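Subject: Structure handover

Hello,

Here is the structure we discussed. Please look through it first; my notes follow below.

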Amino acid sequence: MSTASPTPQSVGNLKVLVVGGGGREHALAWKLRQSPSVAQVWVAPGNGGTERDAQLTNLPITDVVALREWAQAHAVDLTVVGPEAPLAAGLVDEFRAHGLAVFGPTQAAAQLESSKAFSKAFMQRHGIPTAAYDTFTDAALAHAYIDRMGAPIVVKADGLAAGKGVVVAMTLAEAHEAVDFMLPTEAAGNKFGVQHNAGGARVVIEEFLQGEEASFIVVCDGHTVLPLATSQDHKRLLDADQGPNTGGMGAYSPAPVVTPAVHDKAMREVILPTIAGMAADGIPYTGFLYAGLMVTPAGDIKTLEFNCRMGDPETQPILMRLQSDLAAVLLAAARQQLAGTELQWDSRCALGVVLAAHGYPLSPRKGDAITALPTDSAEAVVFHAGTQVVNGQLQTSGGRVLCATALGADVRQAQANAYALVAGVNFAGMQFRKDIGYLALDR
């Protein structure tokens with residue numbers, strides 16, 4: 001168990017609020033409710049899975065001030081913020097201003113994710129390895145830059161896009177199309193649904209990096225850093241990493257590409273300089289910090305992006321493996337008392353397969369009845385993301401609907417167990433990859 005010790009009055013009595021309604025938040029709430037220090041968990045707004053869980057309570061509030069008032073009125077001991085939007089909206093600032101313990105970065109610190117331009121400038125300023133880049137608000141200049149640099153090339157929206165604001169363009173045509181989507185004209189529209197930052201639409205265009213991606217996620221309290229288990233996401237929609245980019249079609253933990261040497265390098269060259277740099281810039285960072293890393297065949301690393309939250313679907317397999325009291329750890333971090341905390345992990349592998357709606361990622365269909373679900377166990381859980389209960393019937397309500405997650409002695413066994421779960425799920429138009437974990441199996 002974690003060496004973090006809840007205060008005596010909190011043992012078995014903690015009231016916890018999880019903010020968000022996706023698969024990451026279902027997994028967080030599921031794990032928090034298992035904490036011996038926790039008495040009750042609310043999820044705001046939650047989803048169909050959290051509604052169907054007798055140990056969790058959905059709270060239909062999304063407004064930041066209304067959530068703070070509710071947390072005060074109900075004497076909530078710890079609030080854990082899952083998705084990026086409430087972080088960018090300043091939820092942590094609002095809660096802290098009223099003396100509430102909350103785990104997550106402030107609005108200013110969340111710029112590491114909410115503004116790709118901020119993030120790239122920060123990395124350049126503090127010597128954190130990342131791809132060469134330029135930033136544009138003018139579409140004509142962006143198109144000219146792409147023609148000059150050639151393809152493959154990466155185009156990123158400078159704003160929140162639910163994990164879909166990145167296009168790895170293998171051709172010039174794909175890159176130009178991405179610019180038109182992200183710097184919308186009246187004719188093109190805002191096809192990715194990007195929430196542009198103050199000052200209007202902006203894109204970051206950067207060099208294409210060769211290698212293997214890994215997700216490196218840590219818990220921070222402003223000073224102390226506690227790494228979580230490593231993981232690897234699968235961003236492309238189709239098998240063998242084909243098709244459009246998505247928010248993530250599956251993940252597994254641990255990630256063999258993160259060797260002990262790569263782990264040490266990630267901490268030394270990326271994570272610790274980021275936490276020190278944020279503190280030096282007067283923006284101390286607390287919360288989950290996710291560094292998307294590109295690991296070259298030689299073992300060098302570059303930072304692809306930062307997220308100011310746990311990844312989705314990485315959260316699901318990571319928390320399946322966590323054996324420590326998550327609530328005690330996050331409360332210690334919220335109180336800037338993380339020093340001395342350790343985490344214990346199940347030595348087995350965990351693997352999650354995302355089941356997506358028809359038409360995902362660009363035009364996901366909603367309202368399909370989920371007619372079959374397997375029974376969860378301690379070692380196999382179907383986490384809900386885009387689901388809701390309508391008149392007693394569980395239905396799809398988003399692009400990524402479910403994540404079938406299972407433990408196994410190794411990647412191959414975890415994969416077999418997860419796909420056995422998938423076989424027990426049914427809804428019209430269901431699409432999923434059949435090769436989650438394939439990179440680890442090739443090693």
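**Gln 336 and other positive phi values**

Gln 336 is partly exposed, with a relative accessible area of 41%. Its place is the loop between helix H12 (326–334) and E20. Phi of Gln 336 is near 55°, positive although the residue is not a glycine. Bear in mind throughout that this is a predicted model.

Asp 241 also stands out. Phi is positive there, about 55°, and Asp 241 is not a glycine either. Asp 241 sits in the loop between E15 and E16. Its relative accessible area is 31%, so Asp 241 counts as partly exposed.

**Overall picture**

The protein chain holds 14 helices and 26 strands. Its radius of gyration is 21 Å; a compact globule of 443 residues would have one near 22 Å, so the two agree. The C-alpha trace spans about 60 × 50 × 45 Å along its principal axes. Of the 443 residues, 57% are buried. Among contacts with a separation of 6 or more, 70% join residues 24 or more positions apart. The accessible surface is about 16700 Å², and carbon and sulfur atoms account for 51% of that.

**Confidence**

Average pLDDT for the protein chain is 92, and 92% of the residues score at least 70. Two stretches need care. Over residues 1–10, pLDDT stays under 50; the model has 23 contacts beyond four places in sequence for them. Over residues 186–190, pLDDT also stays under 50, with seven such contacts. Where pLDDT is low, the predicted coordinates should not be read in detail.

**Helix H3**

Which residues of helix H3 (residues 64–73) are buried? They are Val 64, Leu 67, Arg 68, Trp 70 and Ala 71. Seen down the axis of H3, the buried residues fall within an arc of 165°, so they line one face of the helix. They pack against strand E1 (14–20), strand E2 (38–45) and helix H5 (91–97). At the start of H3, a side-chain oxygen of Asp 63 comes to within 3.2 Å of the backbone nitrogen of Val 65.

Arg 309 lies in the loop between strand E19 (301–307) and helix H11 (315–321). Is Arg 309 buried or exposed? Its relative accessible area is 9%, under the 20% cut-off, so Arg 309 is buried. Its side chain makes a polar contact with the side chain of Glu 113, at 2.5 Å. Beyond four places in sequence, Arg 309 touches Arg 24, Gly 82, Pro 83, Glu 84, Glu 113, Phe 288 and Tyr 290.

Leu 228 is in the loop between strand E13 (225–227) and strand E14 (232–233). It counts as buried, at 11% relative accessibility. Leu 228 touches residues including Phe 288, Met 310, Leu 343 and Trp 345. Phe 288 is also on the contact list of Arg 309. Ile 217 is another contact of Leu 228. Those two are 11 residues apart in sequence, and their C-alpha atoms are 5.7 Å apart in space.

His 234 belongs to the loop between E14 and strand E15 (236–238). His 234 is buried, with a relative accessible area of 2%. Its side chain reaches the backbone nitrogen of Gly 437 at 3.0 Å. Other residues that His 234 touches include Arg 433, Asp 435, Ile 436 and Tyr 438. Thr 246, Gly 248 and Met 249 are also among its contacts.

Gln 242 is in strand E16 (residues 242–245). Gln 242 is partly exposed, at 46% relative accessibility. Its side chain reaches the backbone oxygen of Ala 240 at 3.1 Å. Leaving aside neighbours within four places in sequence, Gln 242 is in contact with Arg 236 and Leu 237.

**Cis peptide bonds**

Ala 151 and Pro 152 are joined by a cis peptide bond, with omega about 0°. Pro 152 falls in the loop between helix H8 (139–149) and strand E7 (153–157). The bond from Tyr 360 to Pro 361 is cis too, with omega near 15°. Pro 361 is placed in the loop between strand E20 (349–356) and strand E21 (370–372).

Best regards

Conventions:
Residues are numbered from 1 along each chain as its sequence is written. This is a predicted model: local features need pLDDT of at least 70, side-chain atom pairs count only at pLDDT 80 or more; totals for chains, interfaces and linings use all residues. Side-chain values use heavy atoms; hydrogens and water are left out. Helices (H or I, at least four residues) and strands (E, at least two) are DSSP runs, numbered from the N terminus. Buried means under 20% relative accessible area, exposed over 50%, partly exposed in between (1.4 Å probe, protein chains only). A polar contact is a pair of N or O atoms within 3.5 Å; within protein, one must be able to donate a hydrogen and the other to accept it, and residues adjacent in sequence count only if both atoms are side-chain atoms. Contact means heavy atoms within 4.5 Å. pLDDT is the predictor's confidence in each residue, from 0 to 100. The arc is that of the directions from the helix axis to the C-beta atoms. The radius of gyration is taken over C-alpha atoms; the globule rule is 2.2 Å times the number of residues to the power 0.38. Accessible areas come from the Shrake-Rupley method with a 1.4 Å probe; for residues, only the protein chains shown count as cover.
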